[in-house]
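Please keep the sequence and the model in view while reading.

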Amino acid sequence: MTTTQRLTLSQALVKHLAALKVEMHDGSIQPYCGGVFTIFGHGNVAGFGEALWAERQALPTYRAHNEQGMAHAAIAYSKAHMRQRIMAVSTSIGPGATNLVTAAAVAHVNRLPVLLLPGDTFASRAPDPVLQQVESFQQGDLSANDCFRPVTRFFDRITRPEQILTALPRAIQIMTDPAACGPVCLALPQDIQTHAFDCPESFLHPELIQFRRPPPDARELQKAVALLKTAKQPLIVAGGGVLYSHAGEALRAFAEAHGVPVVESHGGKSSLAWDHPLNLGAIGVDGAPNANVLAREADVVFAVGTRLQDFTTGSHALFANARLLSLNVQSFDASKWSGTALVADALVGLQALSAALGTWAADGAWTARAKHEAAAWNARVTELTTAAPQPGVLPYDAEVIGAVRDSLNDGGGDSGVHDVAICAAGTLPAELHKLWRASRPGNYHMEYGYSCMGYEIAGGLGVKLARPEQEVIVLVGDGSYMMMNSELATSVMLGKKIIVVVLDNRGYGCIQRLQTASGSPAFNNLLDDCIGEGGEASSIDFALHARSMGADSVHVANVAELKAAMVKARAATRSQVLVIDTTHTRTTEGGCWWEVAIPEVSARSEVLDAHARYVAGKQEQRV
């Protein structure tokens, strides 16, 4: 006879989450869910909130200031744990729930797990329409939570409490599946949250989660070996799948054994230590020049754990003439662009492929050239990030990155082992992709799949929760800071110190460059260009704003002051905000064509010239 407990839906759900354990890649056993972020409202405080309070010792509850922000923090937590642990996010119905939709899209695009638990309207419909309820004239069962359907991997609306017995394990199965991994949503009607049922004891004692590593198919492996053995000038593109599979060591061993140089996408950066002789650095639209030159000349491109998005491939023009081999745990990604697919876990696939290749190696001259180019670019990075300031000229991102990197108290110069750099949008991703030096997996944390402005500070909080032993440094432009900064206050409240470096170029400088490069006049981007009739020039004091939320802050006058302030910030125990005025200059070395559609017809000659360049660029695309 099955032993049961009389529990509400919420109590059963929370108890299951609190009991879940996961075997990590190092063999340690840890709680799978690191806690629940929530902002209570009428749609979740009475039912789900009561259950969270009862289990608060086993499953911590964290209060945030913005629903999108707390979801970003949860997503960053999972990314920092290489997808092996999660956080859950609970909201009320209405705007609390829909505030999560953008974050759900971030997780969906980046293939990151997060458990979304929005409240929903009454299943009984007795009090309809309740406060904040969206009413449809055509569909009686529609609610605002249906917005989650296209941006989650799994969606379910729980209309009876016992449905949690199948819905929650299904959601967890999706989040722990290396191929299907992504956000899941269980919409919880506020009356059903409080309904009780006889919950089996077994549901409250779930099995240990262990991640699978799918091996390669023998026929696909044979084809991959045959293709690579024809290559004289192969190139590895390392993506986020290398990190999520903990395959960095296997990547290093493969590259060294076969003499194949490595380039890194945003998602894959930190897969290989920055100073490894075969690491050419960043690839793509914001890639290093040496890496992009070799990419154009490669005869076989070996994509490992990357979804080959347009920034990585130069809108599929960068290595259009190379043959493509894709090792990916997700067949959807492995089969892109008619390449040779090798569907497998990155670590297992690299090991199997290396063993099958035997003594095969790239042409010796190609390997030697790659090492030379890697060393040359690393020397150039040092020059760019340590250049003497020009009197009367504002610094630009490269100088800021150098000051942050070289500000360790021990004067060691390379902070790659110690710091996690976080960013998401604007000019900074391009500069960090080229110039940040990461010596350890995960020390470069970039949300550049959805490029969501506002992710940065919230993401920094999530990383600090996941990696409390490391210094977490958020590099953010003034535009992104203004979009979402409230979780800075949360970091102070929780005692989770982050360092935020705000680069103030007084507007959306990155998108204005794209605007003018497309032939359009500059307008509606920089703050001084957007003053309305009778309005005033913007005079935002970011340091004062940060202090108002409890952080220590300072506005530094130059790079030297920034470096000194960084030393103090590292020694501090509460969140720090350092503000520096910067110019719109960027590192112009490197990069490649990127498809941005330009109008065919325009009264401006600049637009017509840009369209001609656009048409010429499309001739190089992979078809």
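In what order do the 6 strands of the open sheet stand, and in which sense do they pair? The order is S13-S12-S11-S14-S15-S16, and the pairing is parallel. From one strand to the next, the twist averages 20 degrees.

The model is predicted: local features need pLDDT of at least 70 and side-chain atom pairs count only at pLDDT 80 or more, while totals for chains, interfaces and linings use all residues. Residues are numbered from 1 along each chain as its sequence is written, and side-chain values use heavy atoms, leaving out hydrogens and water. Helices (H or I, at least four residues) and strands (E, at least two) are DSSP runs numbered from the N terminus, and two strands pair if DSSP finds at least two bridges between them.

Within the sheet, strand S11 (residues 234–238) runs parallel to strand S12 (residues 262–264), joined to it by 3 bridges. Here Ala238 stands opposite Glu264 in S12. Helix H9 (residues 248–258) packs on the sheet and touches S11, S12 and strand S14 (300–304); its direction makes about 170 degrees with that of S11. Such angles run from 0 to 180 degrees between N-to-C directions, with axes fitted to C-alpha atoms, for helices over the stretch in contact (heavy atoms within 4.5 Å).

Attention now turns to strand S17. 5 of the 5 residues of S17 (residues 419–423) are buried (under 20% relative accessible area, with a 1.4 Å probe and protein chains only), so this strand is largely enclosed by the rest of the structure. Asp419, Ala421 and Cys423 lie buried on one side, and Val420 and Ile422 on the other. S17 pairs in the parallel sense with strand S19 (residues 471–477) over 4 bridges, and Val420 has Val472 as its bridge partner there. S17 also pairs in the parallel sense with strand S18 (residues 444–446), over 3 bridges, where the partner of Ile422 is His445.

Finally, there are the nonpolar cores, sets of buried Ala, Val, Leu, Ile, Met, Phe, Trp, Tyr and Cys residues joined through side-chain atoms within 4.5 Å. The largest has 58 residues, of which Phe37, Phe148, Tyr481, Leu488 and Val500 touch the most other members. Helix H3 (residues 67–80) supplies the largest share of this core, 8 residues. Apart from it lies another core, of 56 residues, including Val285 and Ile473.

Methods. Buried means under 20% relative accessible area, exposed over 50%, partly exposed in between (1.4 Å probe, protein chains only).
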